[in-house]
Amino acid sequence: MTITESLTPSAASGDSAVAAAEHRWTPRLWGVLAVLCAVLFLDGLDVSMVGVALPSIGSELGLSTTSLQWIVNGYVLGYGGLLLLGGRTADLLGRRKVFLIALGVFTVASLVGGLVDDGGLLIATRFVKGLAAAFTAPTAMSILTTTFPEGRARNRALSIFTVFGASGYSSGLILGGLLTSLGWRWTFLVPVPLALAALIAGIFLIPRDKPAAEGGHDLIGAVTLVSGMLLAVYAVVTAPQRGFDPVMIAITALAVVLLVTFVIAENRVRHPLVRLSIFRVGSIVRANASMVALMGSYVSFQFMMTLYLQDVLHWTPLRMALALLPAGLLVAFGSPFMGRLIDRHGTAPLIVAAMVSLSAGYVWFLATAGSRPDYLVTVLPTMLLLGGGFAFGFSSIMAQATDGISDDEQGLASGLVQSSGQVGTALVLAVVSGLIASATTAASGDFTPFRPGVNLVTGVAVAGLILNVAALGAAKVRSRRAVPAAI
């Protein structure tokens, strides 16, 4: 019996029950989706609220700019480095168990983060929260894709799921500006009751599932992959500040050795953490590359705009958040329609449309920004184009990454694509930060130091566009060749 069947009143009727579930969801099915959406909402809320509060945190705890960066990077390292392990663990130990334990850890870490008075402890709580998110995010996605059958029901659920992610990030920008005026600790404490409510609801609503009948823990793969990714991301994030001194060179070399060891081990162990043959599926490779282009360029551009509007133009956090809000609103209101569009057109054309919108947004910004971008002429149209690109892209990429994957590897597939987004974001953002740090501001309000970073994110988006246009063109050629053969 599938999870979907267990949540519908006519499970015994077989295929007809599944077909009915695609059109009519029971209250419990809605409840499961609500819990999953709440967790995604909290992830987005947490990231954006803490970003707004960083100056206040540094002022009260006496943290330098480098230390403040680790409040963000600690989360990224925990999340991106352990995401693949989280997805595989859910497959092996049971999705419900892993999801609830990780959500509990997230709740406790949020509470502790709002109470500590030491910068080191605060950074440690951020790493723990990233670690917890590395388990909740792929597990939530795995629960969703195994609860809702592939097709209309899953696409509809994915659309709703995406809305809450966008709403969480957008709400976090505004709430971060408001709560920071009361005290930065509230940005850590406010998510606690929300996470606790989701945890209690999940205990009662999420159905029990059985761990994988076959499989084992690939300890060698887990240690080498996690350690290698942690060191690699650490090197990329830290190198712009430290330079490639002997210690950094050694860390980078060790990261390479560990990742190479992981690849060798995965081809030899009986139960690999990552079945490398999954990358023989072209759509999965494209989905992961597309997520790098989408997340890496989008988050890095918003990072630059945050610095420019607050540090250069001296806007308040709330005013800055409202300036960037149109992109999040467009994602929130556009995502509910994505399920139907995916049903009608498939994922490939929509991903191409997303990359066109992203690339057009960055190109428009570069063409019109000058040395001091005007909000109505440059910033607002750019944010609308980026919001449209994210709305078209995220759900479509997630659907493409998990289509045709068996239930016992849904956690792996969803973990791979989300890990690609996080690691890609860390890499692109690290390079962007280095480009900004190496530039100097010639005049008050000058955007020139940020232009190399915008050039980089434009190149990342255009690369994603070229990849998907080429794949779509090749698919059309194969389709035309197959028609005479079929006749």
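**Salt bridges and a surface patch**

Let's begin with Arg126, which counts as buried because its relative accessibility is 3%, below the 20% cut-off. In this predicted model, the side chain of Arg126 meets that of Asp46 in a salt bridge, with N and O 2.6 Å apart. The two partners come from distant parts of the chain: Arg126 sits in helix α6 and Asp46 in helix α3, 80 residues apart. Asp46 is buried too, at 0% relative accessibility. Lys129 joins Asp46 and Arg126 in a network of salt bridges.

Now step back for a wider view. The protein has 18 helices and zero strands, and 55% of its 487 residues count as buried. Of the contacts between residues at least 6 apart in sequence, 82% join residues at least 24 apart.

A search of the whole structure gives four salt bridges. Arg185, found in the loop between α7 and α8, takes part in a salt bridge with Asp117, at 2.4 Å between the closest N and O atoms. Asp117 lies in the loop between α5 and α6, 68 residues away from Arg185. Arg185 also meets Glu60 of helix α3 in a salt bridge of 3.3 Å, N to O. Arg185 is buried at 18%, Glu60 is partly exposed at 48%, and Asp117 is exposed at 59%.

Finally, look at the surface. Ile101, Val105, Phe127 and Val128 make up a nonpolar patch with about 300 Å² of accessible area together. Helices α5 and α6 each supply at least two of the patch residues. Val128, in helix α6, counts as partly exposed because its relative accessibility is 33%.

Conventions: Residues numbered from 1 in each chain as written. Predicted model: local features only at pLDDT ≥ 70, side-chain atom pairs only at ≥ 80, totals over all residues. Heavy atoms only, no water. Helix = DSSP H or I, 4+ residues; strand = E, 2+ residues; numbered from the N terminus. Buried < 20%, exposed > 50% of the residue type's maximum accessible area, 1.4 Å probe, protein only. Contact = heavy atoms within 4.5 Å. Patch = residues over 30% accessible without salt bridge, like charges linked within 9 Å, V, L, I, M, F, W, Y side chains within 5 Å. Areas by Shrake-Rupley, 256 points an atom, 1.4 Å probe, with all protein chains shown as cover.
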